[in-house]
Every structure is written in C-alpha cells, then in structure tokens.
Amino acid sequence: MLDIRLIRENPDYVRERLATRGGEAHLKLDEILACDRQRREWETRLQQLNGDRKRLSKEIGMKRSKGEQAEELETQVRGIGEEITLVTEQAAQADETQRNLLLQLPNLPHDQNPIGTDASANPEVRVWGTKPVLNFAPADHVTLGAKLGLFDLERAAKISGSGFVCFTGPGARLERALIQFCLDLHSREHAYLEVSPPFLIRRESMVGTGQLPKFEEDMYGLENGELFLAPTAEVPVTNLHRDELLALPELPKSFVAYTPCFRREAGSAGRMTRGLIRVHQFDKVELVKLTTPETSWAELEALTGHAEQVLQRLGLHYRVIELCTGDMGFGSAKTYDIEVWAPGQNAYLEVSSCSNYTDFQARRMNLKFKDDEGKNRFCHTLNGSGTAMPRLFVALIETWQQADGSIKIPEPLQPYFGAAEIR
RNA sequence: GGAGAGGUGGCUGAGUGGUCGAAAGCAGCGCUUUGCUAAAGCGCCGUACCUCAAAAGGGUACCGGGGGUUCGAAUCCCCCCCUCUCCGCCA
C-alpha cells in the first residue's frame, strides 16, 4: 500500500512511477485524490461535532452533580448525536473507499529500475557457469523421470487432476534431499532462522502481503471463505510480526521456511507445460527478511546471493536478471529473477524471484520498528525463493544426466540423498 | 465440541457510567547528586488522523474487532476474533 500523503504531496511523481509499470494504476490517482479530499472534509466535520458533544456532555455531568436541570442541553446534544451518526457513516464510507482504492495500487518501482513493458526488456545482471556440453542428446526430465521412476504424473492426475505430480522412489527422496539441503544451507551458513509455519492463512494475512484483495482468483480458498492455502511461505512468514513494533537491534530479521505452495495458475491455462515446470502444488524453500529502510537494498543483494548459492553448490549454470518495471510483481519495488539452465528444455527456468517490497507490505500489515530517534517507522520486507523445488529438480536431473541414462548426484547433495547416483 | 476466565500503552498491570488517554511498576530519554563499571532523587515518555504554508500549537479518535443502549461508554448489552483453565474427542 502506498502512503496517501506521498500521493497527496507528489501526485505527479507517483503517477509517473506507476505509469512505468504499464497497466492502468496510474489512471486511478485522480479518483484517489478526490476521495481523499472528500474523506478529510467528512472527518473534519465529524471532529467538530464530536468536540461539541464531548464538551456539552461534560457540562451536563457537572450540572447533574450539582443537582441542576440540564434538559435543554440534553436535547441539544441529542441533536448533535443524530448528526454524528450520519456524518460517521459518510466518513467511514469515504475511508473504506479510499482504502480499497489504495489496496488495488501496486508498489512504486525503484527509481533506477530498467523501464520496459515485458520480459524482453529485462537486463541480464550476471551469469554463473556455462551451459553444460553433453556428448549425447539430452533427455528432458519427463523422459528421465519415467525411465528412472522418479515421479508419476498420470496417477497424480487421477487423484487430483492435471497440474499435479506424485514423486516416487528415488525422485521422492531426491526432492526431500533438496529441501533439507536448502534449509541447512540457509539456516546454518547464512544464519536465517528456520521456521515451519501454517499452510492455511487467514484473509487479513493474505491482504498483508498483497495477494488479496486483488488476486483472489489465483488462490485456493477453503469452503468457509476464511482460510486460504498458502501460495508461498512468503505469506505466513512475512506476517509473523504483523501488528508489531520491533526494536532496532532486532533488525534485520531473516527467516527460512519450507512449505508446499498452492496456486490455481488461473490465468495460465494456455501456458501449462508438460511435466514439473508449472504445477498447482509444489514445494519451496523461501527466504524472508524484515529490515530497516536504510539496509533493505543491501539486504536484497545479500538475499539474492544466498539463493544463488543453492545453484552454485549443485553445479547448475544460471543467470540473474533484473525485472523491468513492466514485468515486476504487484508489491515489489525491485526484483531479481534467478534462472537456471535446463538442458532438456533447452531453456532457462525461473527458480527464484528475489524482491524488495520496501514498506508496501509493512504498511498493509502495520509492521513497524522504533528507530534510533525513537520514531516509529514502517519496516521494509523482502523475500526470495531459495529455491523452488520442481524446477530445481528438473535442472538438476537434466544437467547431471549421463550418457548411460543414469543421473549423477552432485557431491554436496550426496549426504542428503544417501547415494552418488540414480540408475 | 461443552463449561468457565480473560484480552487495557513497548512490556506487566489497576481501573464497573462523566473531570480517564487512562493509576502504578518495568523498559526508554533528560537533569541532579554521590561516585570505581552502578545506585538514588526529580522530570519527560502512546498511536493514528484532522487542522495550520511550515514549525509551534490546536483538535478528534483509539482500552481485541464490530454493532447497540445513553446527553455521555475502557466501564452496561449483543455478535465476532483471540488467549488461558477444566471436561470431552483425537494424530
């Protein structure tokens, strides 16, 4: 959520920044400003009336305690009370309208973000490693998986429909090994606090991180309409400290969490790909940071580096790209995507998206800290995958497949997997 | 699922219809005094919003959330959420 005062005082700046995202958000500003004016008028009027009532009511109390009559005053205050009822309703309505408008507005992109309308304008920031050279035609993960019994898409579809996977045998063990490897890496070596949060989330927390109210159709909701399945651990973990006032020495707070993630992929019907690339339920290890505004940009670089470590240790070639203004997510001010090379796909796969949300989420969830001058300010929140499992799985088996059809397990993963190869 | 108790400022906790934004303690900040890594005394110390060109100032709201009663609600009534205790059930 954007600060209404920023919009009020620098409408042109906000409009110009929002416009770089494309879409229509920047066209809403005049409506918001008009609503804000209206809202303040009602509020001022309401405050006058409340003041009158408060003052006169006290007078009544004084008179009564002296045994005097106060009927005239009481009639007068009753009249004020009726007006207050009306004005309160108007003020509350204006307030709600304004809040709803603000909740629909995306975050402002960082001033230095590349401007663009889609992914084609995303600059490559850095590349690690090189595309592996195989002296045979690489199989894709679906073929490998079928041959080695790593997962079963057909039977998963029988149970749950298309877009679900059931890992099996060595595949299930490999997936579990990857999760544990990532959790250990980030908690032990990068000093993130490991948490294991709930997967069912209340509406208000979904609003806190920005999934609601705008993207409800992408979420799995339970019948009662109150609880939602977590689309990412970002939601429960970032909300851990909602409605809290954190002390400066506590920051930054860094969390790592493994959760399954549930996504309808409603708009992606045509983009559902074969295999594991896009599924409705997948496992992910997520990194979350709560920081001060002063350190959040440096923390974004650090967090991205931590996510990259996963790929480096597993010997997977990847590139980091910076998202241009038009390609960024709703709440993000700056995002790096990490894309791992998958030889069987002959393509880079997005396995991590690392973002600084600045105070966008903190404002929605009322997450503050007390700064060194004793002032309460909104935190900055960051998150990034560290990393998403199915695509990591794909890149791993496609990269480390051998000519004889077996898969070599990278050394750092062997203690977790319990073997050096799958055949 | 049943019964009961409770939710008050950064934290602990008093307050059952008016002068209560709210005692007290802790933490924090400032000053004074004594002085070996500290103690004592005194003072200050909530948040949001509105108003003001700005600062100063002024004002309103907020005692889990929402509604109601009343001239007036932290306080009384109703609904919801959450926490704790006991019982039941259960991995």
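Visitor: Which residues form one aromatic cluster with Phe151?

Guide: A pair of aromatic rings is described by the distance of the centres and the angle of the planes. Rings of Phe, Tyr and Trp (its six-membered ring) pair if their centres lie within 6.5 Å; planes under 30 degrees apart are stacked, over 60 edge-to-face, and the rest tilted. In this structure, Phe151, Phe167 and Phe393 form one aromatic cluster. This is a predicted model, in which local features need pLDDT of at least 70 and side-chain atom pairs count only at pLDDT 80 or more, while totals for chains, interfaces and linings use all residues; side-chain values use heavy atoms, with hydrogens and water left out. Residues are numbered from 1 along each chain as its sequence is written, and chains are lettered from A and ligands numbered from 1 in the order in which they are written.

Visitor: How many aromatic pairs are there, and which one is stacked?

Guide: The count comes to 8 aromatic pairs. Among them, Trp128 and Tyr318 are stacked, at 5.9 Å centre to centre with 15 degrees between the planes. Trp128 belongs to strand β1 (residues 124-128) and Tyr318 to strand β10, so the pair ties together parts that are 190 residues apart in sequence. Helices (H or I, at least four residues) and strands (E, at least two) are DSSP runs, numbered from the N terminus.

Visitor: Where is the largest pocket lined, and what is its volume?

Guide: Rolling a probe the size of a water molecule over the atoms shows where empty space is left. On a 1 Å grid over the protein atoms alone, a pocket is an open set of points where a 1.4 Å probe fits, with protein on both sides within 12 Å along at least five of seven lines; lining residues have an atom within 4 Å of a point. Grid points are joined across faces, edges and corners, and a volume is the space filled by probe spheres set on the points. The largest pocket has a volume of about 1700 Å³. Its lining has 49 residues, and Arg263, Glu265, Arg278, Glu350 and Ser353 lie nearest the centre. Elements that each supply at least two lining residues include β9 (281-291), β12 (347-356) and α12 (389-399); β12 gives the largest share, 7 residues.

Visitor: Which residues are closest to RNA strand B?

Guide: A residue is near a strand if one of its heavy atoms lies within 4 Å of it. RNA strand B is surrounded by 23 residues, the closest being Glu43, Thr44, Ser57, Arg64 and Val77. Sugar and phosphate make up 74% of the atoms of RNA strand B that come within 4 Å of the protein. Helix α3 gives the most to this surface, 14 residues. Polar contacts are pairs of N or O atoms within 3.5 Å; within protein, one must be able to donate a hydrogen and the other to accept it, and residues adjacent in sequence count only if both atoms are side-chain atoms. Polar side-chain atoms lie 3.3 Å from a phosphate oxygen of RNA strand B for Arg8 and 2.9 Å for Arg78; for Lys368 the distance is 3.2 Å.

Visitor: Which backbone angles deserve attention?

Guide: Most residues other than glycine have a negative phi, and most peptide bonds are trans. Here, cis peptide bonds join Leu212 and Pro213, with omega about 5 degrees, and Gly386 and Thr387, with omega about 5 degrees. Ala191 has a positive phi near 60 degrees and is exposed at 62%. Thr358 has a positive phi near 45 degrees and is buried at 12%.

Methods:
Buried means under 20% relative accessible area, exposed over 50%, partly exposed in between (1.4 Å probe, protein chains only).
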